[in-house]
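Work through the exercises below with the sequence and the model open beside you, and try each task before reading its solution.

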Amino acid sequence: MALSFLCCASLIATTVCSVSHTSPVSDSPNRELVVHIISEWCLEAANHTCGDFPPSVNELEVSGFTTMPSVKVGPPRVKECAVQMECKLLHIHNLRDRHGAPSGAIVIAEIVMFHVADGVAGLSPGGHLVVDPFKMAPVSRFGGHTYGLSRVFVDLPRPNAQGVYKDGHAGPDVDVSAHEMEKDIKKHAGCE
């Protein structure tokens, strides 16, 4: 399984990589890394790793995170993160801003081992291991200093190869969806 994620100037925001954000992932001795999903309970520590620290500072240590050994890769895992993915680096695509200055990178890695904490794990109706998003409380990063808390989850059916849903309708009603979304946004923003 391959994993792709975007690394901003701070590598450790919505994903915590056990490689310093001040030294590129490609500098890792075996081109290995550990990617973590950040949950609400460790957001403040994860944000602290984004500080403008010199290369000599270990961001994981100053953030208060606890490291633990990985099973298949060299970099350590972060104990406080409920989902940890040990990875082998496949490719880094460096990004530049409109002035040509480095602005981030897209990292593509192969996941060689998943770790899911018991407290967020569950089983699907088919008996497969799944992560309960309500228990995991994942956090997203929107850029800058802005993060998002995931508190609402929606299950949507998928159409078959002909674009037809199980209830017989074909395709989404975009106008109704957009109208309902606008109403919902106004309601939550207190504009209604």
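The model is a predicted one.

**Exercise 1.** Classify Lys88 by its accessibility, then find which side chain meets that of Lys88 in a salt bridge, and locate both partners in the chain.

Solution. Begin with the accessibility: Lys88 has a relative accessibility of 30% and counts as partly exposed, because that class covers the values between 20% and 50%. Next, look for the partner, which is Glu32, with 2.6 Å from N to O in the salt bridge between the two side chains. Glu32, at a relative accessible area of 7%, is buried.

**Exercise 2.** How many salt bridges does a search of the whole structure find, and how accessible are the partners in the pairs Arg151 with Glu40 and Glu86 with Arg77?

Solution. The search of the whole structure gives 3 salt bridges. In one of them the side chains of Arg151 and Glu40 meet at 3.1 Å, N to O. Arg151 sits in the loop between strand 11 (146–149) and helix 4 (174–188), while Glu40 sits in the loop between strand 3 and helix 1 (43–48), and the pair therefore ties together parts 111 residues apart in sequence. Arg151 is exposed, its relative accessible area being 53%, whereas Glu40, at 26%, is partly exposed. For the pair of Glu86 and Arg77, the closest N and O atoms are 3.9 Å apart. Here Glu86 is buried, with a relative accessible area of 0%, and Arg77, at 9% relative accessibility, also counts as buried.

**Exercise 3.** Determine how many disulfides the structure holds, and then examine the surroundings of Cys81.

Solution. The count of disulfides is 0. For Cys81, the nearest cysteine sulfur is that of Cys42, 4.1 Å away; a disulfide requires the two sulfur atoms to lie within 2.5 Å, and Cys81 is in no disulfide. Cys81 is also buried, with 2% relative accessibility.

**Exercise 4.** Describe how strand 10 and strand 11 are arranged, and what is found in the turn of their hairpin.

Solution. Start with the pairing: strand 10 (residues 139–143) and strand 11 run antiparallel and are joined by 4 bridges. Lastly, turn to the connection, where the hairpin has 2 residues between its strands, and Gly144 in the turn has a positive phi of about 60°.

Note on methods. Residues are numbered from 1 along each chain as its sequence is written. This is a predicted model: local features need pLDDT of at least 70, side-chain atom pairs count only at pLDDT 80 or more; totals for chains, interfaces and linings use all residues. Side-chain values use heavy atoms; hydrogens and water are left out. A salt bridge is a side-chain nitrogen of Lys or Arg within 4 Å of a carboxyl oxygen of Asp or Glu. Buried means under 20% relative accessible area, exposed over 50%, partly exposed in between (1.4 Å probe, protein chains only). Two strands pair if DSSP finds at least two bridges between them.
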